[in-house]
Amino acid sequence: MRIKMFALLVITVFLPTMALADLTGVWRCDDGGRYYLRQIGKTLHWFGELKMTNPQWSNVYDGRIKGDMIRGAWTDVPKGKATGNGQLTLKIEQSGNVLVAEQKTGGFGGSRWVREGYKPQPSSAIREDCIDFNPDRLTVAQIKGRWKVVEGNHYLFDFGSNEKEARQTLRIIKRYKMGQSCFVGRPDPSFQYMLSSGQAPSGNIKGEDCIGFNPSNIQVKSVGGRWKIVEGNHYLFDFGNNEKEAHRAFSIMKKYGFSQSCFVGRPGPSFQYLK
């Protein structure tokens, strides 16, 4: 019997690794400054200043590039008058022509950098999960022993046995003309917020229970293995192990400029909203 031997041809395919965008160049930032960037391998350095002569501030940055993220530290230098320093995390967008601040500490002012000569494309829309309702049609009703804020036959918010907090919530919704209840992550959302005509509710109500924060200083941070939105050493929202939802909520807070987190009933609030 003739045995035919076939050689096994093993072909090794070498795929090119994705090249990092070269960020070297002159950039403009929404803080009014001009930044001079130099990328060496996976390291980014810059010098930035508000103006060339007698600037109010000037700073340097050293960051490490990993994928589309840059993490590093910034510090003001003596050419300017400011003396700040802190951490700064950037996201690379639009093929290396736009940088967006994801996290920052130390009061850094800039949030978006565009390479000089580049016309930026509109930022992709944030995907939002919202339920619309008519605030003028809302009422408080007791259903099977539980107090609820309802629109017709549909209940929106449940307050258990607490009629007072249900009626207080209804007053708040009507006062701010809130018409959308929105979520990050469903079922069991990790973050909820209300909108009024597609915008953040604004104004004040006597006796509101609110905690203010500076939206320019918030950041997403892993604390003790849990992802949180924090301002300095104070955490505002906890997302457990869900980093993706933490960053999505962070983008939403930036989009609407939320600066106050408000509660009905504490501890264990029955209703929360941002404005």
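This report describes the salt bridges and disulfides of a predicted model.

## Basis

The model is predicted, so local features need pLDDT of at least 70 and side-chain atom pairs count only at pLDDT 80 or more, while totals for chains, interfaces and linings use all residues. Residues are numbered from 1 along each chain as its sequence is written, and side-chain values use heavy atoms, with hydrogens and water left out.

## Salt bridges

There are 13 salt bridges in the structure, each defined as a side-chain nitrogen of Lys or Arg within 4 Å of a carboxyl oxygen of Asp or Glu. One of them pairs Glu 116 with Arg 34, with 3.1 Å between the closest N and O atoms. Glu 116 sits in the loop between β8 (112–115) and β9 (129–132) and Arg 34 in strand β2 (residues 34–40), so this pair ties together parts 82 residues apart in sequence. Helices (H or I, at least four residues) and strands (E, at least two) are DSSP runs, numbered from the N terminus. Glu 116 is partly exposed at 35% relative accessible area, and Arg 34 is partly exposed at 26%; buried means under 20%, exposed over 50%, and partly exposed in between (1.4 Å probe, protein chains only). Arg 34 and Glu 116 also belong to a salt-bridge network with Arg 28.

Lys 79 and Glu 49 form a salt bridge with an N to O distance of 2.8 Å. Lys 79 lies in the loop between β5 (69–76) and β6 (85–93) and Glu 49 in strand β3 (residues 43–49), so the pair ties together parts 30 residues apart in sequence. Lys 79 is partly exposed at 42%, whereas Glu 49 is buried at 4%. Within helix α1 (residues 163–176), Arg 167 and Glu 163 are 4 residues apart, about one turn of the helix; the closest N and O atoms of their salt bridge are 2.9 Å apart.

## Disulfides

The count is 2 disulfides, a disulfide being a pair of cysteine sulfur atoms within 2.5 Å. With bonded cysteines counted along the chain, the pattern is 1-2, 3-4.

Cys 130 is joined to Cys 182, S to S 2.1 Å. Cys 130 is in strand β9 and Cys 182 in strand β13 (residues 180–184), 52 residues apart. The link is right-handed, with 105° about the S-S bond. Cys 130 is partly exposed at 26%, but Cys 182 is buried at 0%.

Cys 210 is joined to Cys 262, S to S 2.1 Å, and this link is right-handed with 105° about the S-S bond. Cys 210 lies in strand β15 (residues 209–212) and Cys 262 in strand β19 (residues 260–264), so the pair ties together parts 52 residues apart in sequence. Cys 210 is partly exposed at 24%, and Cys 262 is buried at 0%.
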